[in-house]
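Look at the structure below.

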Amino acid sequence: MRKVLRLSWAFLWESPVRVALTITATAAATCLVIWIASGYDALEKTFDDYANLAMGRYELAVAPIQQTEEAFVPPKVVEDLRSDASVAHADPMWAVRAEVIPPQRHEMEDRPSAPGEGARPNIRPPGGLPGTLLMATDAPEAPFDILRGEWLSQEGSDIPQVVVRTETAERMGIDVGDVLTLKQNEDLHPMKVIGILDAPQLRGAGDSALPILAPSKGEVFLTLAAAERLLSEPPQISLVAVSLQEETDINAFRFGWAPKLSSYTTPVQFQQAFEVEEALDQSSSAANVRLQSFAATGVSMLVAFMVVLSTLSMGVNERIRQYAILRSLSFTRFQIAQLITLEGLYLGGGGFLVGLGVSGLTLMIVNLTTSQMLDHGIGLGRHSLVLGMVATLGGAFIASWIPAYAATRVKPIDAMSPRSDEEVGRSFSRLGFCIGLALILVNPILTFLVPPPFATGIPVLMTVGFACMAVGFLLIAPAIVTGVDHWMSPWLARMMGIDPKLVACQISNHVWRTVGASISLAVGVGLFIGIQVWGFTMLEGFVPGAWAPNALIQFNSAHLAFTEANAVARVPGIDPDRSFPIVVEQPRMQEDLTDSANRASVIRQDNVVLVGIDASQAFSGSDPFLKFEWVRGTPDEAIEKMVSGRGCIVPDHFLRETGLDIGDTFALVPPENSQGVVTYEIAGAVKLPGWHWQTKLTGFRTRTHRAAALVFANYDPVAEDFGLARPSHVWFDFASPDVDPEEVQKQAVQRYRQSVASMPGTSAATEVADLNVIPVHQIRERTRGAARRWIWLVSQVPLIASVIAGIGVLNIFLASVRARRWEFGVMRGIGITSWTIVRAVLAEGLLIGIVAGVLSVAFGVMCGWCGCGIAQYMSFFGGMRPDLVIPWDAILMGLLGVMLLATLGAAWPAYSIGRTRPLALLQDGRTSF
């Protein structure tokens with residue numbers, strides 16, 4: 001074994017520049033993995049702790065559906081919750097803001113300011129909300145651990161007792177035993193701190209860390225009796241914190257209580273609105289971020305695999321005779337394989353150690369600059385080290401198998417045989433090409449023709465599909481090399497002003513070397529294109545399509561009568577013939593038709609957004625107001641059912657998810673009248689791209705943050721069934737494309753004030769014109785803008801991997817030029833100029849770039865397309881099945897990038913060979929570099 005170790009080390013350093021470049025590339029791949037994984041480790045730890053603190057010892061919270069200062073939970077909710085055997089505790093809490101003054105500031109305010117002292121410091125950080133959030137509760141146990149002191153007692157005291165959270169205590173500079181001062185109007189009330197609550201806030205986030213009303217939002221805790229005494233107000237219930245018995249299924253509990261929560265005088269819901277979901281999903285978000293670190297590891301592993309494979313393959317090819325001699329000197333096949341494998345591990349281990357050192361130094365610097373943003377800092381953790389080792393050592397180890405197998409096939413007699421450089425000729429295996437095409441088709445067949453049940457068997461099918469596709473592209477790569485050489489090399493030679501014979505067959509004569517270089521470049525760019533195709537295709541399902549009218553007026557308060565709302569919309573710039581007041585409600589379905597309790601998604605919810613509009617005008621004619629693409633039914637049949645009864649139009653995905661069809665009915669429960677269940681008949685189904693964001697940004701979701709579908713029905717039945725006496729919106733088209741929405745807003749505000757002034761008890765001078773004009777193009781721009789930023793953020797890893805792969809491609813070009821130094825010397829000797837040879841090498845680089853571009857585009861589009869298909873079954877945001885979108889600007893950027901990398905990879909070898917004298921080329925054509 002010792003001689004194998006020494007020999008492999010000696011073989012490795014026969015080409016020091018090649019080794020240095022390989023170690024540099026694998027070190028860069030190691031840095032990529034460690035940086036991402038370490039950052040994600042820190043985020044995961046911080047977010048996990050933050051999410052756990054959001055609710056404290058409680059699993060749920062109950063709050064009003066519309067969280068305003070005037071909305072409170074009815075006391076009956078607390079009674080009903082406490083009578084449920086599944087509920088362990090139901091503790092009402094009253095949240096109210098008041099000015100709390102710490103001892104230091106109180107002393108400063110009692111004395112006059114010294115000359116030149118300036119303004120006294122503000123105890124609240126910039127961006128904080130005014131006042132301190134008091135959380136009044138009679139909970140027998142603290143919602144979080146007590147760090148010092150004790151929890152609130154119900155016994156009376158001369159001075160009200162309070163418990164302060166850790167972050168607030170640190171900010172105010174107080175501890176147990178200190179006295180705070182509550183300033184109410186002009187009165188000052190002392191409060192004694194008896195405990196410090198261990199509920200730290202996410203550092204660096206201030207008051208925005210938890211943008212919902214939850215137990216951890218409270219800064220100062222006190223009893224309800226003390227709050228009533230200090231504030232001179234009867235206590236209210238802002239939320240009810242609920243903890244369940246251990247054996248309770250929380251999902252079944254939530255769904256079972258949903259009908260009850262909407263039946264109270266003030267409709268309430270479990271805290272699953274947008275803000276609470278964001279907070280409670282932080283731990284799962286961190287888990288998703290960890291999955292991204294796994295993806296970065298996979299990409300880096302591919303890069304390390306290709307770089308090490310190229311290096312070892314070149315070394316094995318150059319040392320074929322040496323391996324044959326070693327076989328004749330009693331070396332076994334296994335020892336030859338050990339030689340190659342050890343070389344690969346040396347390369348991978350060297351890259352890992354160098355990358356580890358660079359990463360550690362970088363993370364130390366980053367940790368100093370981000371210490372205020374992450375509670376647990378950032379450093380080299382076990383998770384990041386393991387992933388880094390897997391990426392480099394794993395990739396290097398696997399990469400050594402192929403050249404090791406090739407070396408073991410060498411026979412001792414080969415040492416005496418004439419050696420050919422490589423396989424020559426532009427032929428390729430037609431059988432391999434056909435097998436490759438068949439393997440590529442496996443993924444779309446598994447994705448679209450044999451769709452799996454939701455979340456069942458998806459990982460296995462996805463792994464099989466994408467693995468087959470990757471192998472398939474590898475098998476058809478030689479055919480692409482041959483095709484590019486045949487069709488592109490003559491054209492490229494003429495364009496660069498060189499003899500086509502100097503370029504012809506250069507990439508196809510050494511086909512597998514070309515394939516290796518091309519795939520190395522195509523891996524990162526192909527994944528980049530795949531992410532772009534996947535992201536923008538998924539995005540189109542959320543961008544309002546051509547069906548959506550130009551704009552919408554949203555009345556935020558003081559809704560007008562139908563005729564008055566219509567009058568507000570008749571201002572300059574609005575087409576009066578294409579203006580429709582509408583009513584909007586978000587009722588719950590009586591039955592969970594989408595099975596959301598078991599597998600909720602963006603379209604698998606227990607409620608719908610129902611829009612009431614004049615059906616006879618909005619859907620009829622050759623140019624209807626709502627330009628739907630009809631999937632089931634016809635406009636005339638749908639209008640007839642909508643006008644004569646409770647017919648409705650649903651999105652096509654609603655039929656797929658519920659199993660319903662045209663003519664079927666479903667029951668809706670009015671939020672304000674749970675006993676008045678109404679039934680609607682499906683009169684038609686249409687494609688409705690972008691309905692989700694259209695409802696999100698226009699106030700259509702009046703009850704909760706998710707909905708299964710946007711449903712249209714006639715105005716009168718919806719208004720009557722759900723008690724909507726006044727329209728909440730006006731949907732309209734502009735009179736011309738050049739209308740200024742801001743000017744329309746001003747005109748609508750003036751007309752609104754005039755209409756409101758005529759209402760009893762109001763006047764134009766006192767009523768606030770609370771309406772918004774929301775153009776649909778702003779919704780589209782906002783949606784696309786946010787999505788683009790996220791998509792490009794995710795695309796950074798493949799782009800960085802492509803740059804790293806460029807180092808490996810440089811290695812291949814150096815070996816290719818080195819192997820032909822004698823040939824170049826002969827060319828120079830017969831009169832071919834050095835500049836011509838430089839252009840020929842650059843043309844070879846461009847041809848390899850073209851091959852890589854073809855592979856990356858084909859692989860990326862196929863990968864993105866199949867990824868969107870898989871997302872319909874495993875992603876929360878899947879199910880709407882948008883049409884394939886190919887972002888040509890991103891693809892063009894990827895192609896230019898891969899061509900640039902290939903050209904840069906050939907530039908140094910071309911320059912090196914061009915400046916070498918012909919005699920030197922003829923003398924040392926086979927020496928190492």
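Ser400 is buried, because its relative accessibility is 0% (buried means under 20% relative accessible area, with a 1.4 Å probe and protein chains only). The model is predicted: local features need pLDDT of at least 70, side-chain atom pairs count only at pLDDT 80 or more, and totals for chains, interfaces and linings use all residues. Residues are numbered from 1 along each chain as its sequence is written, and side-chain values use heavy atoms, without hydrogens and water.

**Around Ser400**
- Ser400 sits in the loop between helix H12 (382-399) and helix H13 (401-408). Helices are DSSP runs (H or I) of at least four residues, numbered from the N terminus.
- A polar atom of the Ser400 side chain lies 2.6 Å from the backbone oxygen of Phe397.
- Beyond its neighbours within four places in sequence, Ser400 contacts Leu312, Ile340 and Thr341 (contact means heavy atoms within 4.5 Å).

**H28 and H29**
- Helix H28 (residues 821-829) packs against helix H29 (residues 834-874) at about 140°, with axes 10 Å apart. Axes are lines fitted to C-alpha atoms over the stretch in contact, and angles run from 0 to 180 degrees between N-to-C directions.
- H28 is therefore oblique to H29 (angles under 35 degrees are roughly parallel, over 145 roughly antiparallel, 65 to 115 roughly perpendicular, the rest oblique).
- Phe824, Met827 and Arg828 in H28 meet Ser834, Ile837 and Val841 in H29.

**H18 and H26**
- The axes of helix H18 (residues 511-540) and helix H26 (residues 776-794) come within 10 Å and cross at roughly 155°.
- That makes H18 roughly antiparallel to H26.

Technical notes. Helices (H or I, at least four residues) and strands (E, at least two) are DSSP runs, numbered from the N terminus. Buried means under 20% relative accessible area, exposed over 50%, partly exposed in between (1.4 Å probe, protein chains only). A polar contact is a pair of N or O atoms within 3.5 Å; within protein, one must be able to donate a hydrogen and the other to accept it, and residues adjacent in sequence count only if both atoms are side-chain atoms.
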